[in-house]
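Subject: Structure for you to look at

Hello,

Here is the structure I said I would send. My notes on what was found in it follow below.

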Amino acid sequence: MATTAASLEGTPVRSGSTGWWQRTSASLGERLIELGLAGCSVLSIFVTIAIVVVLLYEGVEFFREVPLRDFFGDTLWTPLFPDSRHFGIWPLVCGTLLTSGVAMAVALPFGLLAAIYLSEYAAPKTRRMLKPALELLAGVPTIVYGYFALTIVTPILKLFVPDLAGFNALSPGIVMGIMIIPMISSLSEDAIYAVPDSLREAAFGLGASKLPTIFRVIVPSAWSGIAAAMTLAVSRAIGETMIVAIAAGQQATLSIDPREPTETMTAYIVNISKGDTPTGTLEYKTIFAVGIMLFIMTLAMNLVSYRLSRKLRKQARA
Amino acid sequence: MSNTSRTLLLFLAVTALAAPACSKRKQEGRTIKVDGSSTVFPITQAVAEEFQKTDPSTKITVALSGTGGGFKKFCRGEIEISDASRPIKPAEVEECKKAGIDYIELPIAYDGLAVMVNPKNTFVDKLTVAELKKMWEPEAAQKIATWSQIREGWPENKLRLFGPGVDSGTYDYFTAAIVGKEHSSRGDFTSSEDDNVLVQGIAMDENALGFFGYAYYIENKEKLKLIPIDDEKPDNGAGPIAPSPETVANGTYQPLSRPIFIYVSSKVAAEPAVAKFVDYYLTHVKKLSADVGYIPLPDRAYELATKRFADKKLGSVFAGGSKVGVTVEQLLASEAEGK
């Protein structure tokens, strides 16, 4: 290749300084690389579009047979039982929000406090050790978390919550929360760390001690970053599948009691696609309708988070 | 060497080392694919393991996706043998016919459907068929939610139900026997194709009740409490009767006893490897099925089944789906007739 040859000789390729043949082949090479890079980045857009198209295509089929009125108006979700078939999405949405809610109730305080400790209190050495250790939590395969919830967390919780069902929303919710702690702590820590030192010094200068400085000055100024971390964490919780599929039971109920079994949208999709529901049937098409709903929810969360982090960047620049 | 390239090199080395483990070993001989009922799975698995010892050249894979799931694959020609915990349904017969696939139906054992609660449950000592119906019928959805609604004097505790997935023959048979209509029940219970999930669910929950094949109960005896069932028909054993090899074989554990089957695709039945495996199956299933907790058929039934396979007799003697309360004698009679 001309570029390599040129750089080996130590003469950088510059237009005008070399022969025409070398110039064109160099820019052709450049252009090929550029095209390749562009292709890589467009690929993700292409995949997203393809997913949306497939979801809509199959979803339209579903909604041709089940009116939107039933989908949003019914409170029962039992598409597999031919004698009492109902297509109300709310029990699944409810299950998803319930487990995600429990997860956030765990992840938010722990993640945020961990972030504050790491950026404001921890000695550099401790920080170097703790941060990767915390991030290790995010690397545990979710199937391991699922069985951890079912076989360890649930029996332990039963000691404190007597009326807890074997499959319930509480235990997978808590474990899911543990899983997303690093997501919140890492991103929030970045935001807290990015708060300019001048603010800290100003607060100290006004006579504030460390704690008020953190909670009155630093956390509020890092808030949009923290909120972005939160929304990303929420969409991670909404999309989490394996933990809830294993430990939450497979029973879609419109109930906000975390002690009872529940079924999330993702768990439902998994159960249908791993069973042998034949393709093309109405039962099979339900997973695309659920998929659309899920897609809309996570997309909304991601958009919110994108807005927030953009706001953060503007603030940081200002 | 930079850090990145060292990492990359390490990664490549690990991948290269792991690669041979993933590559398929060269296979001579035939692969026989079996799929279907999770109830029949342990038997087929046991037979396949033993068979493989005598004939390593034939590879046998056994999967479980429910009787319904198995027949769907069977009628698409994806598998050679379908495990079934109920006879083939008319709709499935149609499906197979469309694909030009015929089948040889072979009964292999008897199974009782066990109804169980959590061992900590002290108030349930027996259940009648009528009480089970009250719990499981479609009308019970959202309404029958506590134990006190089933029998007077039972506590106000939540009733939490566990059952096999709707694709399973066990679900079909249970609903036919208890609700009175095959494939019809309430929808608000925890259903799973994986019987171990159900074991876990009942074992962890004091208010649970569930059902699945007797063999899975035997495997998990200490975690579950078996409930005797009263069909309120004194002529086949008075009072509540618990499933056991004796009560299933002598027809007193009714209506929750049933024959289980394998279906062999007519397309491959003539192949020597398949024929050898099926013959092995029928000669050894008596001992092996008892080993894994099922109730073997009388010798005469296996003789008839072997003959049926040798004659390549197609079709089902149970045309029209699950028949509730088929006893061993009746099965024998219909086998003899169908031969």
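Leaving aside residues up to four places away in sequence, Ala109(B) touches Ile43(B), Ile260(B) and Val285(B), together with Ser289(B), Tyr294(B), Ile295(B), Pro296(B) and Leu297(B). Please keep in mind that this is a predicted model.

Ala109(B) is also among the residues with the most contacts inside the largest nonpolar core, along with Leu106(B), Ile262(B) and Tyr263(B). That core has 88 residues. Strand 4 of chain B, residues 103–117, gives the largest share of the core, at 11 residues. In soluble globular proteins, nonpolar side chains tend to be buried together. There is also a second, separate core, made up of 73 residues. Ala103(A), Ala165(A), Val175(A) and Met301(A) are included in this second core.

Next, the contact between the two chains. Chain B puts 27 residues into the contact, and chain A puts in 19. On the chain B side, helix 3 (66–75), strand 7 (190–192) and helix 7 (195–204) each supply at least two residues. Helix 3 of chain B has the largest share of that side, with four residues. By type, the chain B residues that touch chain A comprise 14 polar, seven charged and six nonpolar.

Now chain A by itself. Chain A has 318 residues, of which 38% count as buried. Among contacts in chain A with a separation of 6 or more, 71% are between residues 24 or more positions apart.

Which domains does the assignment give for chain A? Domain 1 covers 13–65 and domain 2 covers 73–317. Taken over C-alpha atoms, the centres of domain 1 and domain 2 of chain A are 33 Å apart. Where these domains of chain A meet, seven residues of domain 1 are in contact with eight residues of domain 2. The domain 1 side of that contact divides into three nonpolar, three charged and one polar.

If you open the model, Ala109(B) and the residues it touches can be viewed alongside helix 3 of chain B on the side that touches chain A.

Regards

Notes
Residues are numbered from 1 along each chain as its sequence is written. Chains are lettered from A and ligands numbered from 1 in the order in which they are written. This is a predicted model: local features need pLDDT of at least 70, side-chain atom pairs count only at pLDDT 80 or more; totals for chains, interfaces and linings use all residues. A nonpolar core is a set of buried Ala, Val, Leu, Ile, Met, Phe, Trp, Tyr and Cys residues joined through C-beta atoms within 7 Å. A residue is buried if 20 or more other C-beta atoms lie within 10 Å of its own, exposed if 12 or fewer, and partly exposed in between; C-beta atoms are placed from the backbone. Ala, Val, Leu, Ile, Met, Phe, Trp, Tyr, Cys and Pro count as nonpolar, Asp, Glu, Lys and Arg as charged, and the others, Gly among them, as polar. Domain bounds come from an automatic or database domain assignment.
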